[in-house]
Structure formats: structure tokens, C-alpha cells
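Open the model in your viewer and keep the selection tool at hand. We will go from stop to stop, and at each one you will hear what to select and what is there.

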There are 2 protein chains.
Amino acid sequence: MNSGIKLLKMNMKKTHQSSAMMNIPLFHNLPGPSLKILQGILMEKEFSKGENIFSEGSESTGFYIIMRGRVKVYKLSPEGKEQILHIVGPRELLGAVSAFAGSPYPAHADAMEKTKALFFLQKDFLALVRKEPSVVMNMMANLAMRLQHFTRMIEDLSLKEVPGRLAAYFLYLCEQKGCSDIVEMDISKGQLASLLGTIPETLSRILRRLSEQGVLEVSGRRIRLINKKALKDIINGEKLRF
Amino acid sequence: MNSGIKLLKMNMKKTHQSSAMMNIPLFHNLPGPSLKILQGILMEKEFSKGENIFSEGSESTGFYIIMRGRVKVYKLSPEGKEQILHIVGPRELLGAVSAFAGSPYPAHADAMEKTKALFFLQKDFLALVRKEPSVVMNMMANLAMRLQHFTRMIEDLSLKEVPGRLAAYFLYLCEQKGCSDIVEMDISKGQLASLLGTIPETLSRILRRLSEQGVLEVSGRRIRLINKKALKDIINGEKLRF
DNA sequence: GGATATCCTTGACTTATGTCAATAATACAG
DNA sequence: CTGTATTATTGACATAAGTCAAGGATATCC
């Protein structure tokens, strides 16, 4: 709730953030002077678990870079069903499109856990961009990635049924991590349902069917992938029997 | 209808293109020298109706700016069902994300009608960008718009049922044009189904129900919106009765 | 202009997934 | 540890939308 700018000694703060910022893709390869400007215009903010960061339709005053924690960006149906668009983690941008386009936020954003972020005011950032257009190059890469993510999401939602989306998600997790046969879901099942565009009940049933069929084994948030081939088949439209 | 660059003498041609390019958002406010470079690296290409421009997974060698005609960008399910991601028209970019990111095309693109386009080779364009980073600013605006489009699409696909998506589409068309009560569908019903993430049969049934209930009137591709309030209610989750 | 291919509509049927409600399991606070 | 709140599972049921198949309407091509 309280989002304060921490009161640190000036020098300490600068040094610390400078090294942090070098690791943020958006600010790679920035010349020193521009980095200095950056440090002058950012603000640290903190959000507690479940706290709303911004809401759909509200005016965007700027954008965030997440330093710690995770944020879910989601839409709500009139009846309250939620669809998670993406989950934003450390070193990633939040709300940048709106800030750049000067349009209102297109979705809600809530902190999923205690979250620390850097906040950039739109006008300050745009001023920087005019001085240093190459920043936008890095931003482009980020947007391009997000576009590809959305492309896949649309494909999934309209061309695949829930088992297919779930299978794709598990294999995705599997690739991310070392591709061992055990993957750890880093979100609750309810949230996973929302991410896959379905509801907890449906997800629960499908997980049970997959277990019964020996495709995988569930214990809490730990999933053991037993038959990856079967998962791939499901992604490719193979029906999941009862 | 036909707006083409007729067969003019060389000098004429250059002049013509130069002015054409000034109208493309991507190249707004470019200084003269950069414009000259641009003209050196572009190629004119033409596609006949139904012709494939690129396919999902194929290496991207560059991107297009559509000058005339329309192109559908779509995904295919293993069973052949198609989901149109967007329809690209004159003055718009095609395949730019892939070109920028250096990744393969993430979807298929077919000309929906006779289409004329300018083609830019990746490496040439990237060289230009290095000289003139401000081009990327304009590109950002394009990507930001597309992201918002996809955001709405995901919301629709997962939170609304087909009648809601259809209603949203009609009201969107209505706003685009002068918002008279008559809208002209500029694509076939089959294609519209694919755009809405459904199949022609379902679309047909829903159109009939909407007619029966006096919400609208269909005659060919001309739709008369009789009860816009009802359409808005449907978007907001109101059920469409039989 | 007639033949052919394509698109559109409609009906009967199946199925995936959402809804509602009740219980079980887990996490959390005092 | 114990009670409470949240989260997950399960069943019975409703329904939106897909499948299959057939007939009708349009567009298109020689």
C-alpha cells in the first residue's frame, strides 16, 4: 500500500541502482550520461502481496521495471472470471506499452507476492528517448517477444482445447528448467487455470485424467512428466480419453 | 479501386514512391538522406489472390509494407482449422516483428486479394536503423497498437462467447465508419468466423438468432444494426436467447 | 450463359467445458 | 495446536459450440 521511495544516502543509492540497471535489457549499452539521467527520474516502489498496481482503463502515468517479486496482468469478464495475460517477473517491464502510447492501461495488474519495482514517469522517459532513441531499440525487442507470446496464446485459446494448453504449459516449463522430468508449478492451480483460460474445476478434472492415464503424476505443485510423447500428441489434437 | 503505380518513367517513379513513403507511419519525419537510403533498399512485389506470402516457421528474410490489397495473417490447427490473427491493409507492416527479432515468421500470411507490397531486406533495414534510430520509434507505435489488439483478442476468446465477439466486431465496424446503422462486412462470413475464433456453421446460427430477435438485419454482406443496446448487453455477458 | 466450384445455411447429434453445490484438503493466524 | 479461511476436488447437470452431412445459394470461369 505505501510505496515509498526509500530514504537512502544518495551515493549508496546511485551505486546500487546503477549496477542493477545495467542488467535490465531495456538499458543495455546505454552511454553513461543517459544512465545518469535515468537514475534521476526513477522512483522505487513497493507492493505487498495481492496489492493492485494499476487497473484497466486508468490513466497511465508511467511504467515499471520489476526488481523483485511477480505481478499478474489480467483481464476480468463482467461476471468476474479472470484471464491472466502474462506474469511479469524481475528485470521485466510492466505497463510500458501504455506509457509509450500514452493510452490507458489495457488490463489490471496485481502483485502476486511482495514486489519491489522501479517506476518511471512517462514524460521523463519520453524526454530521455528523444535524447537517446536507442533505448527504444531495446524496448522493441521486449515488445516483439510479448507479441510472440500473445500470438501463441491466441493460437492456443482458439485452436486447442484445455488439455492441449495444459500440456503445452508443462512442456514449456520442462524446457525452461533443465528439462528434467519433474517440473514445479510456480503458481497455484487456480491461477494456472486463469492463465490457461479455464476454471479450477476443469483443470482439476483434466489433471486427474492425465494421472489416471499414467501420463503424469501430481503431488502438490510438483508434477512428474511420465509420458512426454503423450503430451505432445495431446497438443497436436489427440483426444484425451477417460 | 486500382491505385497502382502505373508505368512511369524512372524519375517519375522515384518521386512517386517518395511521396508514398512519406505517408507510411513507419517513415514519418525521416530526414531526406535516410529516405534516399530507404528507396535504395526496397523492392516491389506483387501477389495474386490467395497466394501465400510466407508460412509459419519459415526463415524471415525481411518485412513488407502493404501498398494495395489485404493480407490475412493466421494460424492453423493440426486439423486445419484456421484462426486469423489480423488482417493487414495498405500502409501497414507485415512480418516486421520477425524481421526485427531475427526469428522465423510465427504465422502464415496469404494475400486475400491482388496485393502490391514493398519488401525490405532485414540486413538493409537494420543498417538503416543504426543510422537512424528514430525509425524504431515509429515502429514501436505500430507494435504497441498490435499488442493492444491482441490483448483485446485474448480477452474476447477466453472471456466472451461467440455472440459477444460478434457483437463487439459489429460495433467496432460501426465506429470505424461513420457509425451509421448499416455496416458492410469487408470479408466473407467464413473468414469472419475464422477471425472470431469459430466456424462458419456457428456464425451462421448466431446471425440467424440475432435476426429473429430483431437485433439486426442481414442481407448479404450488409448488416443493419437495429438494436445496438442489445449488442452491448451481449458483449457484457447477456445471454442470447433462442 | 451454363457448368462448376465455392460458400452459406440448416438439422440432428456429440462433446468439451462451464455452473452449482457439497465436501475434502491445505494454508494460515492467533 | 486449533480453528478459520482459503484452495482444491468431485459429482450431477446445463449448455455453448463443434462435427457430420445434406441441400441451397452465390460466385466464378470458360
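**Stop 1**

Start by selecting E10(A) and E11(A), which run antiparallel and are joined by 4 bridges. Two strands count as paired if DSSP finds at least two bridges between them. The names come from DSSP runs, numbered from the N terminus: helices are H or I runs of at least four residues, and strands are E runs of at least two.

A word on the model before going further: it is predicted, so local features need pLDDT of at least 70 and side-chain atom pairs count only at pLDDT 80 or more, while totals for chains, interfaces and linings use all residues. Residues are numbered from 1 along each chain as its sequence is written, chains are lettered from A and ligands numbered from 1 in the order in which they are written, and side-chain values use heavy atoms, with hydrogens and water left out.

Now show A:Glu217 and A:Arg224; the latter, in E11(A), stands opposite the former.

The open sheet now has its 3 strands in the order E9-E11-E10 of chain A, with antiparallel pairing. Strand E9 (182-184) and strand E10 (216-219) of chain A are the edge strands, each pairing on one side only. From one strand to the next, the twist averages 20 degrees. Such angles run from 0 to 180 degrees between N-to-C directions, and the axes are lines fitted to C-alpha atoms, for helices over the stretch in contact. E9(A) and strand E11 (residues 222-225) of chain A are antiparallel and joined by 3 bridges. To see the two face each other, show A:Val183, which stands opposite A:Ile223 in E11(A).

**Stop 2: a four-stranded sheet in chain B**

Move to chain B and select E2, E7, E4 and E5. In that order, E2-E7-E4-E5, these 4 strands form an open sheet with antiparallel pairing. Which strands stand at its edges? They are strand E2 (52-54) and strand E5 (82-88) of chain B; each has a single partner strand, so one side of each is left without a neighbour in the sheet. Neighbouring strands here are turned by 30 degrees against each other on average, direction ignored.

Zoom in on strand E4 (residues 71-76) of chain B, which pairs with E5(B) in the antiparallel sense over 6 bridges. One pair to pick out is B:Tyr74 with its bridge partner B:Ile84 in E5(B). Then bring in chain A: its helix H5 (residues 134-159) lies across E4 and E5 of chain B, running at about 140 degrees to E5(B).

**Stop 3: the two chains together**

Show both protein chains. Chain B is superposed on chain A by a rotation of 180 degrees with 0.1 Å of shift along its axis, at an RMSD of 0.1 Å. That is the relation of a two-fold axis. The superposition is by least squares on the C-alpha atoms of residues with pLDDT of at least 70 in both copies. Of the interface residues of chain B, 98% are also interface residues in chain A, so the copies meet through the same surface. Contact here means heavy atoms within 4.5 Å.

**Stop 4: DNA strand C**

Select DNA strand C and the 16 residues that surround it; the closest are A:Glu161, A:Val162, A:Thr198, A:Thr202 and A:Arg205. A residue is near the strand if one of its heavy atoms lies within 4 Å of it. H8(B) gives the most to this surface, with 4 residues.

- A:Glu201: an N or O atom of its side chain is 3.3 Å from a base nitrogen.
- B:Lys189: a polar side-chain atom lies 2.8 Å from a phosphate oxygen.
- B:Ser204: a side-chain N or O atom is 3.1 Å from a sugar or linking oxygen.

**Stop 5: DNA strand D**

Finish with DNA strand D. It has 17 residues around it, of which B:Glu161, B:Val162, B:Thr198, B:Thr202 and B:Arg205 come nearest. Here H8(A) supplies the largest share of the surface, 4 residues.

Methods. A polar contact is a pair of N or O atoms within 3.5 Å; within protein, one must be able to donate a hydrogen and the other to accept it, and residues adjacent in sequence count only if both atoms are side-chain atoms.
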